[in-house]
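This report describes some parts of one protein. Please look at the sequence and the structure before reading on.

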Amino acid sequence: MTQNLSNPQLKTRIMASTLSYKFLSLFLFVSISSPFSHATSRLHGQLHLSSASSLAKLQAEKLIRAFNLSPQHSINIPTLVDSLVNGTPIVEKPLNLHLLGNPGSSVQDFGHHAGYFKLPHAKAARMFYFFFESRNSKNDPVVIWLTGGPGCSSELALFYENGPFHISKNKSLIWNDFGWDKASNLIYVDQPTGTGFSYTTDESDIRHDENGVSNDLYDFLQAFFNKHPQFVKNDFYITGESYAGHYIPAFATRIHQGNKNKEGIQINLKGFAIGNGLTNPSIQYEAYTDYALDNKLIQQSDYDKINELVPDCEQAAKACGTDGESSCETAYLNCQKIFNGILQVTGNINYYDIRKQCEGQLCYDFSDMGTFLNTKEVRDALGVGDLDFVSCSSDVYEALLSDWMRNLEVGIPALLEDGIRVLIYAGEEDLICNWLGNSRWVHAMEWSGQKEFGAAPTVRFVVEGAEAGQLKSHGPLTFLKVYEAGHLVPMDQPNAALQMLKSWMQGKLAVTTTERRNSSQVINL
């Protein structure tokens with residue numbers, strides 16, 4: 001599909017993506033050393049914006065290369081496209097893909113769907129989704145999964161983590177014995193607009209903050225449950241990882257507000273789970289050096305030097321919460337220096353899983369996904385026409401630049417007070433959204449149960465008789481550190497991840513009264 005590359009703004013972004021780190025460093029030097037006259041202050045702002053934008057683009061492209069992805073375009077904005085959603089808000093078709101292996105029943109026994117939703121508060125945006133009815137029971141909870149990036153397709157999780165099937169070496173699909181559809185009716189959404197198969201023909205539809213993202217997702221859910229009224233009464237949970245640590249709290253708040261205001265269909269929101277997420281950046285960036293030192297990724301001298309960058313990061317992150325866009329871009333620049341400082345020491349370490357080394361820029365090989373989804377047979381089955389699949393969008397990543405450093409933890413206490421269950425889990429081997437930073441913001445969060453949560457014991461998380469992690473909980477809040485897992489917990493520990501989901505949704509993933517009393521069995525962090 002030919003993209004709208006004649007648009008001047010897109011041309012500018014593409015040119016910016018070719019900037020080298022040396023040129024970026026020059027931007028940073030000039031913006032820091034410019035004289036403080038009125039005229040140069042304006043130049044400072046322009047250079048500052050350019051340097052932040054360029055860094056974001058470089059980071060996005062680094063992510064794409066690390067996953068061995070090769071999207072043909074930086075965003076899904078086609079010049080011309082046959083409308084895949086016409087008169088009705090949502091168009092959905094049965095999904096029939098060739099599957100290998102025996103799931104226990106025939107493929108026809110399962111309700112697999114793919115569809116498009118026309119976003120009502122956008123000019124031309126269409127949101128693509130998959131829906132897989134539970135292999136167990138249609139009465140199971142409805143679970144939606146959001147992949148982060150920002151700007152990466154949820155098909156990454158579908159095919160490599162917790163979906164009903166994986167892609168085999170010969171590009172066929174094989175059943176996943178630990179797919180989350182074994183315990184839920186499972187939805188995957190390509191979002192924000194411009195990601196995956198979700199597209200628009202109008203650039204003004206690209207979202208720049210969580211308000212726009214959460215409203216689009218809420219509108220989608222309203223249309224989805226209108227299309228599938230038999231699932232309205234089912235429990236509903238939001239799940240996801242990485243930058244979904246931003247998406248999910250905002251989305252949960254939007255649903256909760258909609259329910260309170262009696263907007264449309266009442267969604268039976270019971271809880272949300274964030275895996276290795278970025279939720280409270282200020283606290284999490286400050287934890288980088290501690291995690292790196294604890295895991296012997298850096299030496300004490302490196303630790304001391306890199307920690308000199310923390311005060312500037314902390315100050316800028318605080319301003320981001322009050323002063324708006326420009327301050328948030330400053331915070332992104334200042335705080336990213338901490339992470340990049342660690343990477344300068346660690347070399348080719350896989351910062352998604354520190355047990356591994358990257359080969360050059362390649363850390364994982366997810367290239368089969370793009371090949372599979374761009375075949376004509378699969379396109380026809382999905383109903384996406386000739387539309388290209390944008391596995392990860394560097395433009396969507398850049399569009400959320402001023403959103404990156406915002407603290408999304410601030411909305412969670414109100415949800416906890418109303419009984420919404422919250423699970424924060426993290427693979428212990430991940431650096432980029434590490435368990436330590438996540439644990440710290442969870443413990444620092446101010447709510448009525450904060451003291452009790454802090455005093456609660458940490459106990460073993462056991463799966464099939466083996467210790468798979470460490471668990472801490474009080475009331476509706478649970479934190480879980482997962483052993484032998486990196487950033488992608490359902491990929492690294494699929495059985496433990498499925499058991500975690502099942503137990504949590506059943507209200508069993510919690511520290512019992514007996515465990516609290518029996519301190520001899522407690523493992524403290």
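Leaving out residues up to four places away in sequence, proline 150 touches Tyr243, Tyr247, Ser393, Tyr397, Leu400 and Trp404; contact means heavy atoms within 4.5 Å. The model is predicted: local features need pLDDT of at least 70, side-chain atom pairs count only at pLDDT 80 or more, and totals for chains, interfaces and linings use all residues. Residues are numbered from 1 along each chain as its sequence is written, and side-chain values use heavy atoms, with hydrogens and water left out.

Proline 150 sits in the loop between strand 5 (142–146) and helix 4 (155–162). Helices (H or I, at least four residues) and strands (E, at least two) are DSSP runs, numbered from the N terminus. The C-alpha atoms of proline 150 and tryptophan 404 are separated by 8.9 Å, although the two are 254 residues apart along the chain.

Asparagine 259 belongs to helix 6 (residues 244–260). Apart from neighbours within four places in sequence, asparagine 259 is in contact with Ile265, Gln266 and Ile267. A polar atom of the asparagine 259 side chain lies 2.7 Å from the backbone oxygen of isoleucine 267.

The table gives the accessibility of both residues. Buried means under 20% relative accessible area, exposed over 50%, and partly exposed in between (1.4 Å probe, protein chains only).

| Residue | Relative accessibility | Class |
|---|---|---|
| Proline 150 | 1% | buried |
| Asparagine 259 | 14% | buried |

Helix 6 also packs against helix 5 (residues 210–227), at an angle of about 55° and with the axes 9 Å apart. The angle makes helix 5 oblique to helix 6. Axes are lines fitted to C-alpha atoms, for helices over the stretch in contact, and angles run from 0 to 180 degrees between N-to-C directions. Angles under 35 degrees count as roughly parallel, over 145 as roughly antiparallel, 65 to 115 as roughly perpendicular and the rest as oblique.

Which residues of helix 5 and helix 6 meet? Glu210, Val213, Ser214, Asn215, Leu217, Tyr218 and Leu221 in helix 5 meet His246, Tyr247, Ala250, Phe251, Arg254, Ile255 and Gly258 in helix 6. Tyr247 is also one of the residues that proline 150 touches.

For the protein as a whole, there are 20 helices and 14 strands. Buried residues make up 60% of the 525 residues. Among contacts between residues at least 6 apart in sequence, 77% join residues at least 24 apart.

How values were computed. Polar contact = N/O pair within 3.5 Å; in protein donor to acceptor, adjacent residues only side chain to side chain.
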